[in-house]
Every structure is written in structure tokens, then in C-alpha cells.
Amino acid sequence: MRKTIMLFVLCIFSHSLIAQQLTIRGKVLDADGNALPGVTIMLVGTTTGTSTDIDGDYALNNVEAGSTLRFSFMGFVPQEFTAETNKPVINVIMLEETSMLDEVTVVAFGTQKKESVVASITTVSPSDLKMPTSNLTTSFAGQIAGMISYQTSGEPGADNADFFIRGVTTFGYNVDPLILVDNIEISKTELARIQPDDIESFSIMKDAAATALYGARGANGVILIKTKEGKVGRAQLNIRIENNISQPTRKIELADPITYMKMHNEAFITRDPKAPLLYSDDKIENTERGLYPLLYPVTDWQSELMRDYSTSQRVNLNIRGGGNIARYYVAAAYTKDGGILKVDPRNNFNNNISLDIYTLRSNVNIDVSKTTELKVSLDGTFEDYSGPLNSGSSMYGLIMKSNPVLFPAYYPIDNDHKYVTHTLFGNAEDGQYLNPYAQMVRGYREYNKSIMGAQVELKQDMDFLMDGLNVRALFNTKREA
């Protein structure tokens, strides 16, 4: 009796499994009712699938009830449906993926949808350019296809990246591309100060189309940037605050003082066996034992003059909105970049690098009439720099060239010099050596730089003459100080 019951239960379970295997069939059409051949139908989570035939029909066997069918076709929005025992037929209407086809690409003096672009144009999302840096050009590397970009210095104020798009294609080794912001040509320095938050679209023209539209100036490629404009609607306020810590990617390891002196003596002997050695055995031995540090100094100039990291702060604020007649976009940003030089508290000034950057931008669009639009744009960049008399690169060169065992950075005040009020900078012999520490703290320099621009653009639709025809007048002025 027990065996009979068990057999009955197994039969019911087996019958249940067989009943769950379904055959799903149907037709796939587009929004206009046309059959779509080649649509892929897959069971989610498996490798089982099929595709529609030339008439848009499909059939998929051995589908378990409750499984999910995914319909996908290039250029259309993927759709998913659940297989049910009472719905063996699933007809699907695929909708076009309009977000990609309708995406606007800036092309010369106008815009074009991606679906109609045939030239080699790379469009970069502004969000991909938001890097922890105050220099826009340093975010190009690895983000823009077809562009080679490299940075040779991270010093604030001298950290512009070099980049080229089409290689060396003009006489004079001019590799700089043509850079246009709202159809106005700017320099690489001005490009570096543009805020990613202000960019609406970023495009690069890389092929002969650039030369066809811009002539010889476009031979090295063209960078096209369109800044944000106002939108109809309530005012939208955006604030972005950042605080970053930066440090060198690699610190150059130098020979230790003992190895340095031994190698120096070996080099002298190799060139002239009778030449007097600069470092005696007593000096090498006493330096190694750490005796009398003022007489046998060991100076790590990198640690003495440089910190391990630098800090920077950024604040960006913009507001966007408008009505049916006027629309506005107003933005302001502040950036403070610092260097990695140490500051001696005994000095009454800051010898480290400090760069303050203020940027302002305003775009106002006014509909003068139904066919006439007036755009007024204002922008400004203001820089305040303070740093050592020698540049950061020069200071690093002094550090690398300075002798680590001849003298300390400075001597402490002893009884014989207790009335001396200035720093006793270290040196050797007749004082003919350069002391990097003395060079760093002997003073500082400052400069102020500003670039202001104004642009007025008048656009008139001429649809009454030809569909899509418009006339544009552009006036701009720029002042640098």
C-alpha cells in the first residue's frame, strides 16, 4: 500500500512538470505595423533563444511557465514579457530607441542629429569631463577617442595638458586644433578654465569635414563646445563642492648618502687616479655612524622642502530657468589650488604655490519675435597667483641637483650668533653652492590675470523663403589683462 501511494505522487509530479513546458509563438512589428525580421528573442538567464523570420514570425519551444522572454533589436527599445500557460501567443510592437538617434551633435555652425552624421565626429558627455582637477584639458586623456593628450607638469598655473587630434598636418609643426566655444575661437589656456558644469555639448571633428568647413585652420581637427543656455521652467539651482588631495604618482628614489659619496669617489678615480677625493674615509665613516650632524650633515632635500600632498577646493554654482520670452543661465565658480612646497613658519610670507581662479558665465536668450532670437553672453576668468621666485619645476630641479652631504638647509642659532635675526643658511667652502632652501624662502612673486568676453548673437528664421533657412549675425569682443 505504501509503494502504491508513493508511485501515485511521483506520477502527479511528473505530469505537472510536463504541463509547464510551453510553446510561445507570435509576430513582431514596428510602430507602423511593418514586420521586423531578425529580432532576437531570448529566455532571460539562459542561452535558449530564437529570432523572427522575414515575416516577423517566431516560435520558441520548451518554455517554462513564468520564464521571461526578452525581445531586442538594434535601434529599438528592448522589451520583456512573462510566459503564461493561458497566453501561448505573444505579439510585440517594438518602439524605436529615439534617445540615441535624437541626440544632438554640434557640427560647425549648427547642430545635427546623430542618425544623419556621416563625418568623423566624436561626441563626449560633459559628465565624463568632471574630474578632480581645476584644468579642463587634464581630463581629456583616456576620455576622447582619437585624441592624444599628455601632461608634463602638475604645478598650478602651469598644468595645461598638450593634446592633438590629427597629428602633425601643417607646416611649422603646429599641432593645436581649432577650439571654438559658442562659435568663438579661444586659446588652449582659455579652454583650460572652462567649467565642465557649463558645457552643454562637446564635439570633436577629426576628418576632412573639418577642413571643408573651416579651411586650413581646421587641418589639425576642431573642438566644438556649446555652453548651456536657459530653459523654460522654474529656476533650477545646482551647487557642486569638492575638496581634493593630490600627490605625486611616483617619488624618485635617490642613492643614500653613503652610496652617493662612494660612487662620487669612484667616478673621480676612474677619470684621474691621482685626483684628490672630495669625500675622505673619515667623512664617510662618521656620516654612516651619524656623529656630529652639523659637521657631517645628511640632508634629504625632497623631504626638507616638499610635502607629500597638496590640497585643492572647488565650488560651482549655477542657476537655470526662464519663460516663453526670455531664458537664462548664470554660473559662477571658485577654485583654489595649492602646491607641495613646505612653508617655514619663521618667514612672514607664504612661499608655497597658491592659485585662486574665479569664473563667471551668463547666457541670456530673448525671443524678440516668433522668428527672431537675441542671445547675449558674458564670461570672465580671473586668476590670482602667489608662489616662489623660482617656478615649481625650477625648485624641483634644484632639489635633484643639490649635494646631500655637504651642508644642512640651515644652521641652528648658537651662543656665538644669538643676536642674529636672520636665518643662517647652510653652505660649504666659500659659499659657492646653491642652497635650495635659501632659494625657496628668499621671496615670492605674484601676478593677476583676467580674460573677459562679451558676445551678442542675432538669429532670424527665414522659413518663408526656404524650409530650415536662417540668418545669423554674431558680434563679440574680448579683453585680456
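Good morning, colleagues. Please bear in mind that the model on the screen is predicted.

I begin with the strands. Strand S2, residues 40–43, has two faces: Ile-41 and Leu-43 make up the covered one, while Thr-40 and Met-42 make up the uncovered one. S2 pairs with strand S3, residues 49–51, in the antiparallel sense, and three bridges join them. Within that pairing, Met-42 stands opposite Gly-49 of S3. The hairpin of S2 and S3 has five residues between the strands, and Gly-45 there takes a positive phi near 90°. S2 also runs antiparallel to strand S5, residues 68–72, through four bridges. In this second pairing, Ile-41 is the residue opposite Phe-71 of S5.

Pro-37 is partly exposed, at a relative accessible area of 39%.

Five strands form an open sheet with mixed pairing, in the order S10-S15-S16-S13-S14. Its edge strands, each pairing on one side only, are S10 (121–124) and S14 (184–185). S14 pairs with S13, residues 178–181, in the antiparallel sense over two bridges, and there Val-181 faces Ile-184.

I turn to the charged pairs. Side chains of opposite charge can pair when their charged atoms come close. How many salt bridges does a search of the whole structure find? The search finds 20. In one of them, Arg-240 pairs with Asp-197, with the closest N and O atoms 2.4 Å apart. Arg-240 belongs to strand S17 and Asp-197 to the loop between helix H3 (188–192) and strand S15 (199–205), so this pair ties together parts that are 43 residues apart in sequence. Is Asp-197 buried or exposed? Asp-197 is buried because its relative accessible area is 6%, under the 20% cut-off. Arg-240, at 23%, is partly exposed.

Arg-240 also meets Glu-242 in a salt bridge, at 2.3 Å from N to O. Glu-242 counts as buried, at 19% relative accessibility. These residues take part in a network of salt bridges that links Lys-130, Asp-197, Arg-240, Glu-242, Arg-314 and Asp-337.

Another salt bridge joins Arg-320 and Glu-200, at 2.9 Å from N to O. This pair links distant parts of the chain, with Arg-320 in strand S18 and Glu-200 in strand S15, 120 residues apart. Arg-320 is buried, with a relative accessible area of 12%, whereas Glu-200 is partly exposed at 33%.

Finally, the surface. Leu-237, Ile-239, Ile-241, Val-315 and Leu-317 form a nonpolar patch, with about 470 Å² of accessible area together. The elements giving two or more residues to this patch are S17 and S18 (310–322). Which element gives the most? S17 does, with three residues. Leu-317, located in S18, is partly exposed at 36% relative accessible area.

There is also a negative surface patch, formed by Asp-256, Asp-281, Asp-282, Glu-285 and Glu-288. Of these residues, Asp-256 lies in the loop between S17 (233–246) and helix H5 (257–271), and Asp-256 is partly exposed, with a relative accessible area of 38%.

Thank you for your attention.

Technical notes:
Residues numbered from 1 in each chain as written. Predicted model: local features only at pLDDT ≥ 70, side-chain atom pairs only at ≥ 80, totals over all residues. Heavy atoms only, no water. Patch = residues over 30% accessible without salt bridge, like charges linked within 9 Å, V, L, I, M, F, W, Y side chains within 5 Å. Areas by Shrake-Rupley, 256 points an atom, 1.4 Å probe, with all protein chains shown as cover. Salt bridge = Lys/Arg side-chain N within 4 Å of Asp/Glu carboxyl O. Lys, Arg positive; Asp, Glu negative; His and termini not counted. Charge placed at Lys NZ, Arg CZ, Asp CG, Glu CD. Buried < 20%, exposed > 50% of the residue type's maximum accessible area, 1.4 Å probe, protein only. Pairing = 2+ DSSP bridges.
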